[in-house]
Amino acid sequence: MSEELVEREIAAEQAFVDRVYVQLGESARQAQALAKEGHSRGRLGHEGGLVERDAMVFQAARRIAQLDAAHEGLVFGRLDMTEDVDPEPRYVGRIGLRDANRDSLLIDWRAPAAAVFYQATAAEPHGVVRRRVLRAAGPRVVGVEDELLDAEALERSGADLPIVGEGALMAQLSRARDRSMHSIVATIQAEQDKAIRAPGKGVVSISGGPGTGKTVVALHRAAYLLYNDRRRYEGGGVLIVGPSGVFMRYIERVLPSLGETAVALRSLGEVVDGVRATRHDEPAVADVKGSARMAELMRRTARQQAPGSPRDFRIFWRDDTIVLDRGELGRLRRQLMSQGRRNRQLPRVPRALLDVMWRQVRGERGRERGREAFDDEMLSNQAFVDFAAAWWPPLDAVEVFGWLRDPDLLARAGDGVVNAEEQRLLLKSWGNVSGPGDLSIEDIPLLDELRYAIGDVPARTDDERDLDDTGLLEGGVDMQELFTAADREYAPAGRAWAPPTHRIEDDPFAHVLVDEAQDLTPMQWRMVGRRGRTASWTIVGDPAQSSWPVPAESAAARAAALEGKDVHEFHLSTNYRNSSEIYAHAAAYAERVGLDADLPTAVRSTGVEPRTVTGVTDLEAATREAVVEMAAQVDGTVGIVVPVARRSEVNAWLASWPELAEDAAGARAAVDSTVTPSGDDRVVVLTGLDTKGLEFDGIVVVRPQEIEDESATGKATLYVVLTRATQLLTTLS
């Protein structure tokens, strides 16, 4: 193939791409003008103008964000169809655009007209003669890759359609990895496209071994659903849950690059609004906290009497001494708890207390005054108001979680649920927890469980406040006074933990996407399941990579979260990530240690076998040599995977190596922060669990036996680690 032909084809495509970018700029100017007009509507001086302003500004801002995100690789595909289907080429891109005459200039990749770009094959061309992928650097076309799908149609037409390149997919697979996942919108394969365009209702379950593209297919599916039914999914929200903050930062650019920004991306430590956890517990502790029986422990904890609250109350009224002792209050607390969540009972508490107290009124003077007078006097008595507020204070989940640091309370609530050794482990893990920032990732589902066991404090409407003034609602109690008294009288150390303003009813989403689903503990399934009670779901996972030691328990929790929903299964069978040499090594390990692994077919070969270094005596020197050598051979990222106990040690080594210190510092900051790292951050130290869902040009595995031994599922974790490399793999034993 002549270079002249290639350059001519690139130039022709560049002319079209230039035209598209001109229209993109015009569309951006129109959106900015719409935003400006919207702001002017807010100065009309009436409510209708404000509504119009908000609607126009919102729509304009969304369009501007979509246009801004689409700049990189805006046009990536071209379809040349048979004459009877479409005589003009169809160009496919990240978003749809129309020209000044409102004619289609660029087809959104999710539109029905673009589906054949992914579905057409030589066996079933669907009217496609030639499929072309445009490779671009910003607005500049740098290459084209063609597939001839219908040679007979091309011959019949006599058209001049040259075939250029060696295949877009293989070109994409050979590219260097950086610190972010990229979209595969230009190279989606047929089996992947079926999962992306599956029905929107029920559950789409995407399974497959390492490197099959499960994660990126699921993200493209989220973009497809938003495009197909924007009112439903954007209005109700799309929640994407992944295993770690590192992973979420790795994938965060994919959806914006596809023109979608209205998505909530949260790691398992960030699912509960207002709380963020980044550290894992030790495996033994994590196994206890993840078990389904912890739901019962949280339920019992929510029913405990608040520490520091009064145990009795005594008051003299007319001729009677009224006493609420521990037994009476205990019976009343159990009665209120049986009627619903704790905080939901707050408006009923004063009436319930007054009912019990009135039954003790025996004196003639008191009876003559009557119940209404009794209630009025008690509700205006500061001692009673303070007692009621302190006995049944409004609670938040973080505060109640803090109660579990008390060994006696934990023993009482945990009797028959967690044994003495498990209580010891839990107390040790919670010993230094003084606020939400000290919680572990495994604590977050427990906190969420408490949120639901306690419930929200009922919101008060204006009508209800008016009824309070008449004495017709719940005994005419001024709940605001009680709440104020509670804050004044009941203030344990936990009260310094600010309660979240997010309410339980705000949790459900329209669509929930769970990645690395095989790792979710039963308690995490309960937490995520609450967000998807009325949602459609996309679930991605590979059972052989599971880090949860009791699969049957997790499967039961998953079934409960998805109860009543139809499940559509999709299986991906081709490994696009690993070279065939690396994956053969990983697959052999899986078979050797008895993992029931799904073994996809690796389609790419580099001719470079993985390297195993044994008999290492100076671990730092061996690690340094392996990393420096690997970094010199690849253009992209290098991961050093270590046992949990060695992470700090190896990070210190890396920081002291002059030839890699700058790369290491940048990468480490990227892992530990919420800031998107730059493409120069090449070398990073990770634990086995940290690598979930990630990929690197090269991986150096330090002390694999220790990774195996550090948890009950260490073999599965090491299998995951061995499948993270795309080009080079070195193991230091």
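Why does Arg-533 count as partly exposed? The relative accessibility of Arg-533 is 45%, so the residue falls in this class (buried is under 20% relative accessible area, exposed over 50%, partly exposed in between, with a 1.4 Å probe and protein chains only). The model is a predicted one, in which local features need pLDDT of at least 70 and side-chain atom pairs count only at pLDDT 80 or more, while totals for chains, interfaces and linings use all residues. Residues are numbered from 1 along each chain as its sequence is written, and side-chain values use heavy atoms, with hydrogens and water left out.

Arg-533 is placed in the loop between helix H23 (522-531) and strand S13 (536-541) (helices, H or I, of at least four residues and strands, E, of at least two are DSSP runs, numbered from the N terminus).

The structure contains 12 aromatic pairs (rings of Phe, Tyr and Trp, the last by its six-membered ring, with centres within 6.5 Å; planes under 30 degrees apart are stacked, over 60 edge-to-face and the rest tilted). Phe-387 and Trp-391 form a stacked pair because their ring centres are 6.4 Å apart and their planes lie at 15°. Both residues belong to helix H16 (residues 382-391), where a spacing of four residues separates them by about one helical turn. Phe-387 is buried at 5% relative accessibility, and Trp-391 is buried with a relative accessible area of 1%.

A tilted pair is formed by Trp-525 and Trp-537, with 6.4 Å from centre to centre and 35° between the planes. Trp-525 is in helix H23 and Trp-537 in strand S13, so this pair ties together parts 12 residues apart in sequence. Trp-525 and Trp-537 are buried.
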